[in-house]
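Subject: Structure handover

Hello,

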Amino acid sequence: MTITAHEIDLRYPVGKFDWDAPISESEYPKLIAAVAETPAALRSAVAGLSRDQLETAYRPGGWTVKQVVHHLPDSHLNAYTRFKLALTEDEPTIKPYDEAAWAELPDSQQVPIDVSLDLLTALHVRWVSLLRSMGAADFRRSLRHPEHARVLTLAQMLGLYAWHGRHHVSHITALRKREGW
């Protein structure tokens with residue numbers, strides 16, 4: 001399947017995450033703030049959408065808005081757990097999960113989005129508290145990610161999840177803009 005430039009823009013509206021971009025200590029507060037802002041940004045992005053709009057794919061072949069909303073707490077629960085593992089174990093190997101399969105499970109199809117919005121909000125209270133308590137040495141701790149075949153520092157993970165929230169919120173806001181919602 002060939003992906004056009006237009007489809008790439010729809011898939012990565014804020015650009016792809018750069019695994020190799022250096023992340024300095026001075027960036028931690030900004031990245032933590034981005035993680036902290038994700039629940040409110042997501043809530044704002046879906047505010048006032050109808051049932052039909054929530055069932056609209058953000059791009060051809062992509063997830064529906066509803067699936068994107070349910071995906072964020074799924075993903076960020078895993079991230080929070082991965083942070084805690086890396087903070088309490090020496091270079092743990094994390095377990096990847098099949099995001100696409102999770103998005104097709106009944107809870108992602110049938111549960112109202114408010115449940116996931118509330119879950120994301122509560123989760124981020126805990127996660128951001130943890131992130132703000134971490135020192136520079138904590139962000140140098142690492143985990144092994146078999147899906148990416150690399151060892152990642154918690155600084156890289158922080159960068160990834162600051163990007164991840166913006167990435168998915170932008171899927172929804174870009175769709176709203178294109179559709180005039």
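Below are notes on pockets and on helix packing.

Please keep in mind that this is a predicted model.

Pockets

The largest pocket has a volume of about 750 Å³. Its lining counts 28 residues, and those nearest the centre are Tyr 12, Glu 99, Trp 163, His 164 and His 167. Three helices each supply at least two lining residues: α4 (65-88), α5 (99-104) and α9 (154-179). Of these, α9 gives the most, with eight residues. Sorted by class, the lining of the largest pocket holds twelve nonpolar, ten polar and six charged residues.

The second largest pocket has a volume of about 180 Å³. It is lined by 13 residues, with Phe 17, Asp 18, Gly 159, Trp 163 and Arg 166 nearest its centre. Again α9 gives the most to the lining, here with four residues.

Helix α2 (residues 28-46) packs against α7 and α9, as set out below.

The axes of α2 and α7 (residues 113-133) come within 8 Å and cross at roughly 170 degrees. Angles over 145 degrees count as roughly antiparallel, so α2 is roughly antiparallel to α7. The crossing is left-handed. On the α2 side the contact includes Ile 32, Val 35, Ala 36, Pro 39 and Leu 42, and on the α7 side it includes Leu 117, Leu 120, His 124, Trp 127 and Leu 131. By class, this contact has twelve nonpolar, three polar and three charged residues.

For α2 and α9, the axes come within 9 Å and cross at roughly 25 degrees. Angles under 35 degrees count as roughly parallel, and α2 and α9 are therefore roughly parallel to each other. This crossing, too, is left-handed. Residues of α2 in the contact include Tyr 28, Leu 31, Ala 34, Ala 41 and Ala 45, while those of α9 include Leu 158, Gly 159, Ala 162, Arg 166 and Val 169. The contact of α2 with α9 has 15 nonpolar, five polar and two charged residues.

Two residues tie the sections together.

Regards

Conventions. Residues are numbered from 1 along each chain as its sequence is written. This is a predicted model: local features need pLDDT of at least 70, side-chain atom pairs count only at pLDDT 80 or more; totals for chains, interfaces and linings use all residues. Side-chain values use heavy atoms; hydrogens and water are left out. On a 1 Å grid over the protein atoms alone, a cavity is a set of points where a 1.4 Å probe fits but cannot get out, and a pocket is an open set with protein on both sides within 12 Å along at least five of seven lines; lining residues have an atom within 4 Å of a point. Grid points are joined across faces, edges and corners, and a volume is the space filled by probe spheres set on the points. Ala, Val, Leu, Ile, Met, Phe, Trp, Tyr, Cys and Pro count as nonpolar, Asp, Glu, Lys and Arg as charged, and the others, Gly among them, as polar. Axes are lines fitted to C-alpha atoms, for helices over the stretch in contact, and angles run from 0 to 180 degrees between N-to-C directions. Angles under 35 degrees count as roughly parallel, over 145 as roughly antiparallel, 65 to 115 as roughly perpendicular and the rest as oblique. A crossing is left-handed if the near helix is turned anticlockwise from the far one by less than a right angle, and right-handed if clockwise. Contact means heavy atoms within 4.5 Å.
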